[in-house]
Amino acid sequence: MSSTRFNGKISSIEGKTPFLIGVAGGTASGKSTVCARIMEKLGQVDVDHTERKVVTISQDSFYRELTPAEKIKALKGQYNFDHPDAFNDELIYKTLQDILAGKKVNIPVYDFRTNSRVENENYTIYPADVVLFEGILVFYFPEIRNLFHMKLFVDTDSDTRLARRVPRDINERGRDLEQVLNQYMNFVKPAFEEFCLPTKKHADVIIPRGADNTVAIDLIVHHIWDILHGTHDSHMSKLHLSKRRDSSCSDTLSR
Ligand SMILES: Nc1ncnc2c1ncn2[C@@H]1O[C@H](COP(=O)(O)OP(=O)(O)O)[C@@H](O)[C@H]1O
Ligand SMILES: Nc1ccn([C@@H]2O[C@H](COP(=O)(O)O)[C@@H](O)[C@H]2O)c(=O)n1
């Protein structure tokens, strides 16, 4: 099957409810890559960030600040970043609620090398039509899970995920091999089994093999496009249609 590309731009309306998509999956399963593919296929490459209609936010931006003792542990790979307590779930909830209310939000910038937020730095997410929120535990907290209009789970086997995580953490996150493997065996793997994997049952769509699964990604993109353009007969499409009644939506879809 050839890959589908959408050339039409999605038009936006002030104060609308964006279509909020949760993307869960184990570490290095390809969540960010899947989100990037969805954005590409919805024609969002090379679009200025203030004009963007599809945006991706990572749950990683919402790690809690560590105490000095926890920071020392984290530097030795002895802190559990895969436990739900590692995240600021109140801030995630508030941010997603603001997004759903059509507000502009500020997202913290997280630095994996220092295991902390970059002080006084945020990036701004402007109101968009589609918001993808990706992370290992985005379906763990029921209040957060219930905010999503669509839930995707990226299902990539553990060996592949570990094989991708090791070079990524060494090259991009400033870790050494021993630290990556210790953290994986002591925290990442057990927490995946206890907290992340059980959330797969909440997904509407499971994407085996992540971004390699172009068929699944094309189907998801078609579904998003249909919902946003009112060609899908569902509660959500009616919601979006009614919110879009005043828009002059002259988008074209080329296949
Ligand atoms: N289908 C794929 N084939 C090869 N490498 C991939 C694929 N998907 C992701 N990767 C690589 O694996 C690593 C983790 O992918 P990423 O999308 O960041 O995962 P996640 O967001 O789930 O942590 C990155 O280095 C990325 O380039
Ligand atoms: N300071 C940190 C924070 C998180 N991690 C690891 O990141 C993983 C989640 O991010 P993905 O992009 O892989 O989904 C998670 O498994 C944490 O172990 C970290 O190593 N250091």
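This is a predicted model: local features need pLDDT of at least 70, side-chain atom pairs count only at pLDDT 80 or more; totals for chains, interfaces and linings use all residues.

**Entry: α5 and α6.** I looked up how α5 and α6 are set against each other. The axes of α5 and α6 cross at roughly 135 degrees. An angle over 145 would count as roughly antiparallel, and 65 to 115 as roughly perpendicular. The two helices are therefore oblique to each other. I noted that their axes come within 9 Å. I also noted the hand of the crossing: it is right-handed.

Which residues make the contact? From α5 I listed L162, R165, V166, D169 and I170. From α6, which covers residues 177-196, I listed L177, V180 and Y184. Sorted by class, this contact has 6 nonpolar and 2 charged residues, and no polar ones.

**Entry: α1 and α7.** I reminded myself how such pairs are described. Two packed helices are described by the angle between their axes and the distance between the axes. I then looked up α1 with α7, a helix of residues 214-228. Their angle is about 55 degrees, and their axes lie 10 Å apart. That makes α1 oblique to α7. The crossing of α1 past α7 is right-handed.

I wrote down who meets whom. α1 brings V34, R37, I38 and K41. α7 brings I217, I220 and V221. By class I found 5 nonpolar and 2 charged residues in this contact, with no polar residue.

**Entry: ligand 1.** How many residues are around it? There are 13. G30, K31, S32, T33 and R164 come nearest. Two elements give two or more residues to this shell: α1 (31-41) and α5 (158-172). The largest share comes from α1, with 3 residues. I sorted the shell by class and got 2 nonpolar, 7 polar and 4 charged residues.

**Entry: ligand 2.** Among the residues around it are T27, A28, K31, D60 and Y63. F81, D82, F112 and N115 are also on the list, along with I136 and V188. By class this shell has 6 nonpolar, 2 polar and 3 charged residues.

I noticed that K31 turns up in both entries: it is among the residues that come nearest to ligand 1, and it is listed around ligand 2.

Methods
Residues are numbered from 1 along each chain as its sequence is written. Chains are lettered from A and ligands numbered from 1 in the order in which they are written. A residue is near a molecule or strand if its C-beta atom, placed from the backbone, lies within 6 Å of it. Helices (H or I, at least four residues) and strands (E, at least two) are DSSP runs, numbered from the N terminus. Ala, Val, Leu, Ile, Met, Phe, Trp, Tyr, Cys and Pro count as nonpolar, Asp, Glu, Lys and Arg as charged, and the others, Gly among them, as polar. Axes are lines fitted to C-alpha atoms, for helices over the stretch in contact, and angles run from 0 to 180 degrees between N-to-C directions. Angles under 35 degrees count as roughly parallel, over 145 as roughly antiparallel, 65 to 115 as roughly perpendicular and the rest as oblique. A crossing is left-handed if the near helix is turned anticlockwise from the far one by less than a right angle, and right-handed if clockwise. Two residues are in contact if their C-beta atoms, placed from the backbone, lie within 7 Å.
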